[in-house]
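User: Could you walk me through how to read a few features of a protein model? I would like the general idea each time, then the case at hand.

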Amino acid sequence: MKLVIAVVLLVVGFCLLIKGADWFVDGAAGIAARFGIPQLVIGLTIVAMGTSAPEAAVSITAAKSGNAGITIGNVLGSNIMNVLVILGITSVITSIAVQKSTVKYELPFMLVISAVLLVLGYTGNEIVLWEGVVLWGFFVVYLVYLFIMAKKGGNEEEEEKQRALWLQIIMLIVGAAGIVFGADLTVDNATVIAETFGMDDRIIGLTIVAFGTSLPELVTSITAARKGKADIAIGNIVGSNIFNILFVTGTTALITPVAFKQGFVVDGLVSIVAGILLWFGVFKKNMLERKVGIVMLVGYAAYFVYLLVG
């Protein structure tokens, strides 16, 4: 009976994720159109932060509970999966157009702060208060950049402007709630199913739970790309990774020192290599194509094998 309930709740979780992402993307795009904000900015802010909410909640709550050590693994694991798996799957389904500003500014910025996080963690085996301030300094710079982009404005489809603002806001909020609660239901019940069939706890954590916590990014990116809103799709991932490093790690470090084990050095390097692969993949054509997505998925498979045998 327990297994049947878990399967039913798993299906409910997927439904919440899919419909939640649908409403979330529509609401975000509509608000962007109404206020003349480029879709890319919405993707880099509201959508990115909304889909990163589970990571932020887990890390900050863990810090308050005295378990800040999971923060770095949470951030690096999520960032690696976001680029290699989420964008990999999305680009295999449909090619993703990438704006020049993403190639020239946002992706290099993501690489820089990934390297900064690695250096800060490696030098002292932890991220302390002043280093949290440094990360927050980068976050403020990022927010100023987004403000400048928003001031430039952008043109969106007229049909999205026709929806009432209150309806767009409700769609955004309800969509975000559906994504978060759907991810929780999916992860929890997939774990129950896996345990029922005797899967090892470590394998569950590395597969179902790791993938489940990135489901919001996956579903939102695929939904956005299929709706022709590629700026939101790519902005969602790049913004989520930047948000994870600067806000999640920075805020956690302001609360308590964040442990950085030596094993995270390899994960940090993989995160940087994944970012470089993405950057070079879109550099020439401003397009993330299927062949690059396949290389990303193969890259993650190799990394996953390393985790299993390492």
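Predicted model: local features only at pLDDT ≥ 70, side-chain atom pairs only at ≥ 80, totals over all residues.

User: What span should helix 8 have?

Analyst: Helices here are DSSP runs (H or I, at least four residues), numbered from the N terminus. The expected span is 1.5 Å times one less than the number of residues. Helix 8 covers residues 165–196, so its 32 residues should span 46 Å, and its end C-alpha atoms agree, being 46 Å apart. Just after helix 8, G198 takes a positive phi of about 80 degrees.

User: At what angle do helix 5 and helix 12 pack?

Analyst: Axes are lines fitted to C-alpha atoms over the stretch in contact, and angles run from 0 to 180 degrees between N-to-C directions. Helix 12 (residues 264–283) packs on helix 5 at about 170 degrees, with the axes 10 Å apart. The pair is therefore roughly antiparallel (angles over 145 degrees). Contact means heavy atoms within 4.5 Å; among the residues making it are L107 and L111 of helix 5 and I272 and W279 of helix 12. The residues of this contact divide into 17 nonpolar, four polar and no charged (Ala, Val, Leu, Ile, Met, Phe, Trp, Tyr, Cys and Pro are nonpolar; Asp, Glu, Lys and Arg charged; the others, Gly among them, polar).

User: Is L76 buried or exposed?

Analyst: Buried means under 20% relative accessible area, exposed over 50%, and partly exposed in between (1.4 Å probe, protein chains only). L76 is buried, because its relative accessibility is 6%. L76 belongs to helix 4 (residues 70–93), and its C-alpha atom is separated by 6.5 Å from that of D267, 191 residues apart along the chain. Leaving aside neighbours within four places in sequence, L76 touches L117, F264, D267, G268 and S271.

User: How many salt bridges does a search of the whole structure find?

Analyst: Side chains of opposite charge can pair when their charged atoms come close. A salt bridge needs a side-chain nitrogen of Lys or Arg within 4 Å of a carboxyl oxygen of Asp or Glu. The search finds one: E289 and K285 meet at 3.5 Å, N to O. E289 is partly exposed at 22% relative accessibility, whereas K285 is exposed at 55%.

Terms used
Residues numbered from 1 in each chain as written. Heavy atoms only, no water. Helix = DSSP H or I, 4+ residues; strand = E, 2+ residues; numbered from the N terminus. Parallel < 35°, antiparallel > 145°, perpendicular 65-115°, else oblique.
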